[in-house]
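Trainee: I am new to this structure and would like to learn how to read its features one at a time. Could you take me through it with care?

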Amino acid sequence: MAGCFRHPGKASRNLLKELGSSISFGDFSEYGTSESSQLFERPPWQKLLSIFLAELIGTAILMLFGCMGLVPKSPESVLGPYSGAISFSGIVCVTIVIIGHISNCHINPCVTLCALLLGKLPIITAFVYIVAEFSGALVGYGILVVVSPYNILNTAEPGICVTSPVAGLTPWQALSIESMTTGVLILLVCAVWDPRSGNGDCGSLKFLVIIFMTSVIVGPLTGNSLNPARSLAPAIYNNSWDMHWIYWVGPFSGTVVSTLFYKYVFMALDIGEREK
């Protein structure tokens with residue numbers, strides 16, 4: 001997913017083996033190799049440290065520059081309607097290029113959960129990813145608080161970059177929106193990882209498009225979190241917990257449904273077709 005790579009193209013009879021043994025946002029030239037598989041099956045401590053640092057820095061960058069796009073020049077200023085969409089989609093694309101070849105650039109516990117459900121990561125490695133992602137979110141938002149031209153904490157309800165449903169939206173409506181939108185994001189993740197699709201080409205641009213699109217469409221309704229780490233850090237700093245549970249249950253439930261659907265429906269249909 002880091003940059004534009006040519007998809008190598010494997011024989012269809014090896015599809016499930018490839019998808020089960022290798023997963024990469026960054027290097028699409030190593031699908032199905034034993035070396036690529038071993039990085040996730042038995043990662044040495046050096047690899048785990050690289051993953052931790054890359055995910056921590058990547059998620060910190062996401063929170064710093066993504067949320068910076070939501071900080072007005074002064075408390076009285078009004079932001080443009082696409083400020084958040086541009087900042088978050090742009091920085092996701094850039095971060096994929098920066099750390100995609102190091103940690104595959106998850107920067108989202110939902111993506112890590114997807115990889116775990118697909119059998120791409122052992123539990124220990126997934127735990128390292130998740131700890132790094134939440135830690136990076138806290139670091140990135142903390143840096144934003146320090147470098148902002150005024151105190152951004154509690155300057156508005158519910159707070160700068162805090163995700164909360166718009167007035168009039170019921171909790172179940174907000175939950176459904178976050179779940180379905182995250183589900184679409186995870187379907188794209190599965191498609192990019194699927195050797196059949198060729199979506200490894202310019203994967204970072206595909207994620208730029210989906211983050212921008214969902215930010216414009218869903219952002220005014222729920223804040224377009226799709227990422228529990230992205231919602232947790234601003235909530236902690238602003239002590240703002242109004243319907244915060246939605247931004248855990250919604251994204252994780254959407255991730256589970258979409259991942260299992262792709263794994264047991266699309267992949268199962270493919271193997272059934274090949275067995276004919």
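Mentor: Let us begin with a term: helices are DSSP runs of H or I with at least four residues, while strands are runs of E with at least two. With that in hand, and remembering that this is a predicted model, we can say that residues 110-132 are 78% helix and 0% strand, and that the end C-alpha atoms of this span lie 13 Å apart.

Trainee: How far apart are the end C-alpha atoms of residues 48-71, and what share of that span is helix?

Mentor: For residues 48-71 the end C-alpha atoms lie 34 Å apart, and the span is 88% helix with 0% strand.

Trainee: How many helices and strands does the chain have?

Mentor: The chain comes to 10 helices and 0 strands, so its elements, as the term was defined, are DSSP runs numbered from the N terminus. Of the 276 residues in the chain, 52% are buried, and among contacts with a separation of 6 or more, 77% join residues 24 or more positions apart.

Trainee: Where does pLDDT stay under 50?

Mentor: Where pLDDT is low, the predicted coordinates should not be read in detail. Here pLDDT stays under 50 over residues 1-40, for which the model has 95 contacts beyond four places in sequence, whereas the mean for the chain is 84 and 80% of its residues reach 70 or more.

Terms used:
Residues are numbered from 1 along each chain as its sequence is written. This is a predicted model: local features need pLDDT of at least 70, side-chain atom pairs count only at pLDDT 80 or more; totals for chains, interfaces and linings use all residues. Side-chain values use heavy atoms; hydrogens and water are left out. Buried means under 20% relative accessible area, exposed over 50%, partly exposed in between (1.4 Å probe, protein chains only). Contact means heavy atoms within 4.5 Å. pLDDT is the predictor's confidence in each residue, from 0 to 100.
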